[in-house]
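Please open the structure in a viewer and keep the selection panel at hand.

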Amino acid sequence: MPKRYCIIGGGVAGTTAAETIRARDPEGEVLLVSAESHPLYSRVALPAYVMGELGRENVMMRTLRDYAARGIRFLSSERAVTADPENHRIGLASGAALDYDALLVASGGRLREWRTGAQADGRMFRLQTLDDAERLREFFKNYPAGGSADRTRRAVVIGGGLIALELAEIFRAKKFDVTFFVRGARFWDGKWIDPEDHGRLVAIWGKNGIEAIFGDTVAECVARGDGVMIRTKNGREIAADCVAAGIGIERNTDFLSGISGSPASGIFSEGIIVNEHLKTAMPDVWAAGDVAQCVENGVRRGSANWSTAVLQGRIAGANMTGGEEALRVGTRYSIGHFGAVLKLEDDRARIEPPKGSPLGG
Ligand SMILES: Cc1cc2nc3c(=O)[nH]c(=O)nc-3n(C[C@H](O)[C@H](O)[C@H](O)COP(=O)(O)OP(=O)(O)OC[C@H]3O[C@@H](n4cnc5c(N)ncnc54)[C@H](O)[C@@H]3O)c2cc1C
């Protein structure tokens with residue numbers, strides 16, 4: 001009998017695992033379940049896509065034909081809602097049940113809900129999925145950069161992480177004035193950035209026309225006319241065209257909630273614990289990508305970056321076919337920000353200012 005592989009999540013970790021499995025086990029049945037309607041696309045490319053620097057063809061990384069050509073069954077717009085690892089069974093939102101021999105959880109994260117912005121309705125933006133990116137692009141069609149708007153266009157951005165940075169840069173690129181609210185006294189709640197690098201970041205924003213306000217956050221946000229009215233915790237009032245929130249992600253572990261009560265399951269709202277082979281505590285279940293958490297020196301650590309998701313997808317896929325590959329690298333990646341480079345290495349952020357900049361480096 002061919003082995004039945006089931007992968008929950010059609011992001012880069014899940015897709016890499018599916019393709020690795022196929023390469024190592026030509027006979028196996030490989031099923032990729034994706035809550036999204038699109039084949040694999042690059043989340044990393046979404047900011048540039050929104051800014052118009054890349055076309056959709058640069059964002060899409062697979063076609064439906066690619067999956068078919070590799071003999072991977074791609075179930076799109078479908079969601080795992082229950083799991084029964086003892087009986088090797090997954091329940092889907094459509095009501096179908098799937099039996100598997102090996103399961104990979106590669107369900108990544110979803111944006112943390114921002115309830116305050118709910119009333120801003122069509123003027124509230126997030127950036128996690130291709131659909132979010134399309135919404136932003138649609139919005140900017142009415143606000144062409146350098147267009148004839150006879151009043152200031154303002155976006156309020158809230159958050160203290162990478163997506164908030166991306167959103168601030170996007171709105172500046174589209175010629176919006178940007179007010180950036182960071183809840184804590186320093187970016188990343190000061191956890192991952194020392195005062196010197198924080199100072200560099202703030203200087204970069206200042207130089208690029210972003211007004212950063214620390215220690216305050218949006219307490220109320222309501223639709224007003226064709227924009228939004230914002231009141232902050234400290235009593236500031238700002239009228240803006242729109243608001244964008246980058247307030248972090250939560251891991252998609254809810255479909256495992258029926259079994260997470262057991263302390264041995266290793267399932268938490270922050271992710272699923274795996275060993276160095278990306279194996280979970282559940283029989284024949286692996287996890288990879290943003291949803292996986294490794295334990296180092298007794299501390300649980302997740303990652304949220306593309307290259308780690310690729311690497312973990314490859315290792316998990318290999319091990320699901322009987323391999324014994326182990327994960328040994330730390331987390332390291334960088335992003336561009338207004339010409340500077342933000343380097344993230346093992347939970348520390350360093351800022352390299354643009355070359356020739358007086359900001360130091
Ligand atoms: C705007 C943006 C910019 C980024 N920029 C960078 C960057 O510059 N550099 C970098 O390294 N990283 C960057 N990242 C992070 C990087 O994209 C992620 O770390 C990576 O995509 C994680 O891949 P994944 O496969 O683990 O999870 P995801 O890409 O989150 O994929 C998980 C998939 O599983 C689906 N899913 C969830 N639950 C279920 C379920 N129950 N049933 C079925 N499917 C389900 C989700 O809908 C999703 O499609 C960025 C992310 C964003 C959003």
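Select Glu19: at 16% relative accessibility this residue counts as buried (under 20% relative accessible area, with exposed over 50% and partly exposed in between; 1.4 Å probe, protein chains only). Its side chain meets that of Arg62 in a salt bridge, 2.7 Å from N to O; a salt bridge is a side-chain nitrogen of Lys or Arg within 4 Å of a carboxyl oxygen of Asp or Glu. The pair links distant parts of the chain, 43 residues apart, with Glu19 in helix 1 and Arg62 in the loop between helix 3 (56–59) and helix 4 (64–69). Helices (H or I, at least four residues) and strands (E, at least two) are DSSP runs numbered from the N terminus.

The model is predicted: local features need pLDDT of at least 70 and side-chain atom pairs count only at pLDDT 80 or more, while totals for chains, interfaces and linings use all residues. Residues are numbered from 1 along each chain as its sequence is written, and side-chain values use heavy atoms, leaving out hydrogens and water.

Next, select Glu134 and Arg56, whose closest N and O atoms are 2.5 Å apart in a salt bridge. Glu134 belongs to helix 5 (residues 130–141) and Arg56 to helix 3, 78 residues apart. Glu134 is partly exposed, at 24%, and Arg56 is partly exposed, at 33%.

Then move to Asp177 and Arg154, a salt bridge with its closest N and O atoms 3.8 Å apart. Asp177 lies in strand 11 (residues 177–182) and Arg154 in strand 10 (residues 154–159), so the pair ties together parts that are 23 residues apart in sequence.

Finally, select Asp194, Glu196, Asp197, Arg200 and Arg350, which a network of salt bridges links.
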